[in-house]
Amino acid sequence: MKLRGLYAITPQASDLERKLRLALEGGIALLQYRSKSRDRAQAAGIVRMARDYGVPVIVNDDVDLALELDAAGAHLGRDDGDLRSARRRLAGRILGASCYNELERARAAVQAGADYIAFGAVFASPTKPELGSKGLAVLEDLAPRAAVPVYAIGGITSRNAASAIQAGATGVAVSSAVLDGVAIAEAVRELDHVVKEALARGRNG
């Protein structure tokens, strides 16, 4: 599976299914189910809906739920358990890892079997302001040495996504940039176009 492009992360929203259907219609490449409620019925419905569009669903923070739902994989942060154990349990599925701005964490994640890693916050993020803005300089330093696909996360918009790709990311992860607006499908198409053009140009294009 080619891990690049536009990676959408579910927001906390009462009309989540409607928002996600619009995002899927817009052309997201990958979807992360992230919810504090762990509503299994909702999660199962989202996995089925995404499957209809051919889009893999990654479950945030919960390997058990990913397996229960037959999701494409799971994504783990620093406090979400051992990556090597998760790799064994997710045999044949995708394992993602948050590496923040830490090169050693990125190396350890790759050695543990992560299929992709997320770096950031690259820009100031309304979703996780406590991470701050780590900037493109960190991404430029870390991404070339990551050895697996890299998603830039944090404050990504259609105005700055190309610079994240130029800095070495193979894709961008977003939530509010596309899912908090009114014209969701259109916002996805716009950002997806920016990302694809930047990927086509390459880092030195």
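**View 1. Strands β6 and β7 side by side in the predicted model.** Let's start where β6 meets strand β7 (residues 150-153): the two run parallel and are joined by 3 bridges. This is a predicted model, so please read every view with that in mind. Look for isoleucine 117, which stands opposite valine 150 in β7.

View 2. Strand β5 (residues 94-100) runs parallel to strand β6 (residues 116-119), and 4 bridges link the pair. Here alanine 97 is the residue that stands opposite isoleucine 117 in β6. Packed on the sheet is helix α5 (residues 103-112), which touches both β5 and β6; the direction of helix α5 makes about 165° with that of β5.

**View 3. From β7 to β8.** Strand β8 (residues 171-174) runs parallel to β7, with 3 bridges between them.

**View 4. The whole barrel.** Stepping back, you can follow a closed barrel of 8 strands, with parallel pairing, in the order β1-β2-β3-β4-β5-β6-β7-β8. On average, neighbouring strands of this sheet are turned by 25° against each other, direction ignored.

**View 5. Helix α2 on its strands.** Helix α2 (residues 40-52) lies across β2 (30-33) and β3 (57-60). Relative to β2, helix α2 runs at about 175°.

**View 6. Inside the largest nonpolar core.** This core holds 63 residues, and those touching the most other members are Ile28, Leu31, Ile117, Phe119, Leu139 and Val172. Helix α9 (residues 184-201) supplies the largest share of this core, with 7 residues. Another core, of 9 residues, lies apart from it and includes Leu3, Leu30, Tyr116 and Ala173.

**View 7. The surroundings of isoleucine 117.** Setting aside residues up to four places away in sequence, isoleucine 117 touches Ala97, Cys99, Ala106, Ala109, Ala146, Val148, Pro149, Val150 and Tyr151.

**View 8. The chain as a whole.** The chain has 9 helices and 8 strands. Its radius of gyration is 16 Å, close to the 17 Å that the globule rule gives for 205 residues, so the chain is as compact as a globular protein of that length. The C-alpha trace spans about 45 × 40 × 30 Å along its principal axes. Of the 205 residues, 51% are buried. Among contacts with a separation of 6 or more, 55% are between residues 24 or more positions apart.

Technical notes: Residues are numbered from 1 along each chain as its sequence is written. This is a predicted model: local features need pLDDT of at least 70, side-chain atom pairs count only at pLDDT 80 or more; totals for chains, interfaces and linings use all residues. Side-chain values use heavy atoms; hydrogens and water are left out. A nonpolar core is a set of buried Ala, Val, Leu, Ile, Met, Phe, Trp, Tyr and Cys residues joined through side-chain atoms within 4.5 Å. Buried means under 20% relative accessible area, exposed over 50%, partly exposed in between (1.4 Å probe, protein chains only). Contact means heavy atoms within 4.5 Å. Two strands pair if DSSP finds at least two bridges between them. Axes are lines fitted to C-alpha atoms, for helices over the stretch in contact, and angles run from 0 to 180 degrees between N-to-C directions. The radius of gyration is taken over C-alpha atoms; the globule rule is 2.2 Å times the number of residues to the power 0.38.
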